[in-house]
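Hi,

Here is the structure I promised to pass on. Have a look at it first, and my notes follow below.

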Amino acid sequence: MLTVIAEKDNISKNEILINDKSDCNHIQNVFRLKVGDELRVVDGEREYLTKILDISKKEILEEKEDEYSLGVEIDIALGILKNDKMNLAIQKLTEIGINEIIPLQTERVVVKINEKKDKWDTIVRETLKQCRGVKFTKISSVKKLKEIDYEKYDKVIFAYENSDEAKSVVNLINENCKKILYVIGPEGGITESEVEFLKEVGAVEVSLGKRILRAETAAIVLGGVIANSFL
């Protein structure tokens with residue numbers, strides 16, 4: 001069933017207004033839906049089964065709680081990657097169900113930006129329509145390692161390719177963890193000084209195996225492993 005996103009202000013007791021031109025075009029011209037057909041709508045918190053009244057107006061048939069989000073909040077601090085790689089990471093992390101992506105400005109980041117890109121939020125919204133998600137993956141403002149509030153997390157972990165003391169992530173995660181942060185560096189990885197800082201704030205090194213993974217691959221793999229522990 002086709003999924004579209006509605007703004008909360010456009011949801012009343014019995015009807016939902018869809019005024020995004022792209023969504024209206026998909027409904028009418030791509031999926032060829034017509035009056036009386038059913039449509040799934042999400043607003044970032046709940047999902048709605050609706051019946052099409054006209055191209056923009058939908059009647060609410062059923063309102064449901066979010067059944068597709070993880071039972072734990074998983075955040076990632078990700079060293080900012082070059083365009084396509086960052087876009088891919090955001091797309092896949094949204095599919096996995098990551099709660100928040102923190103674009104990280106580290107020593108080896110090549111892409112020098114101080115503000116998050118509007119396109120990143122667009123990628124989240126478009127991905128949510130495809131993966132049956134309900135809750136938007138948040139993308140925070142660009143931060144440095146020292147600007148993150150580590151105390152709000154039950155567990156902070158990071159992947160470091162030069163580690164000889166890394167632990168297996170499956171041995172670090174348990175049902176008592178309600179909010180987890182994992183840190184992945186950019187294309188060049190994180191530096192030794194950044195590793196020392198992370199250890200000082202209580203972060204634990206984890207292993208992703210013997211092979212060296214690209215940053216975007218590491219972000220997706222580690223996020224998937226953590227998420228899978230709570231399915």
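Ile-80, Leu-81, Lys-82, Asn-83, Met-86, Asn-87, Val-111, Ile-113, Lys-117 and Trp-120 line the largest cavity. By cavity I mean a set of points on a 1 Å grid over the protein atoms alone where a 1.4 Å probe fits but cannot get out, and lining residues have an atom within 4 Å of a point. Its volume is about 30 Å³, taken as the space filled by probe spheres set on the points, with grid points joined across faces, edges and corners. A search of the whole structure turns up one cavity of 30 Å³ or more. Helix α2 (residues 83–96) gives the largest share of that cavity's lining, three residues.

A word on the source: this is a predicted model, so local features need pLDDT of at least 70 and side-chain atom pairs count only at pLDDT 80 or more, while totals for chains, interfaces and linings use all residues. Residues are numbered from 1 along each chain as its sequence is written, and side-chain values use heavy atoms, with hydrogens and water left out.

Then there's the largest pocket, at about 430 Å³; a pocket here is an open set of grid points with protein on both sides within 12 Å along at least five of seven lines. It has 25 lining residues, and Ala-159, Tyr-160, Glu-161, Ile-212 and Leu-213 are the closest to its centre. Helix α5 (residues 215–228) supplies the largest share of the pocket lining, three residues.

For the overall picture, the protein has five helices and 11 strands (DSSP runs numbered from the N terminus: H or I of at least four residues for helices, E of at least two for strands). The C-alpha atoms fill a box of roughly 60 × 35 × 30 Å along the principal axes. Of the 231 residues, 45% count as buried, meaning under 20% relative accessible area with a 1.4 Å probe, protein chains only. Among contacts (heavy atoms within 4.5 Å) with a separation of 6 or more, 74% are between residues 24 or more positions apart.

Why does Thr-3 count as buried? Because its relative accessibility is 4%. Leaving out residues up to four places away in sequence, Thr-3 touches Arg-40, Val-42 and Lys-129. Towards the other end of the numbering, Ser-229 is 226 residues along the chain from Thr-3, and their C-alpha atoms are 27 Å apart.

Cheers

Methods
Buried means under 20% relative accessible area, exposed over 50%, partly exposed in between (1.4 Å probe, protein chains only).
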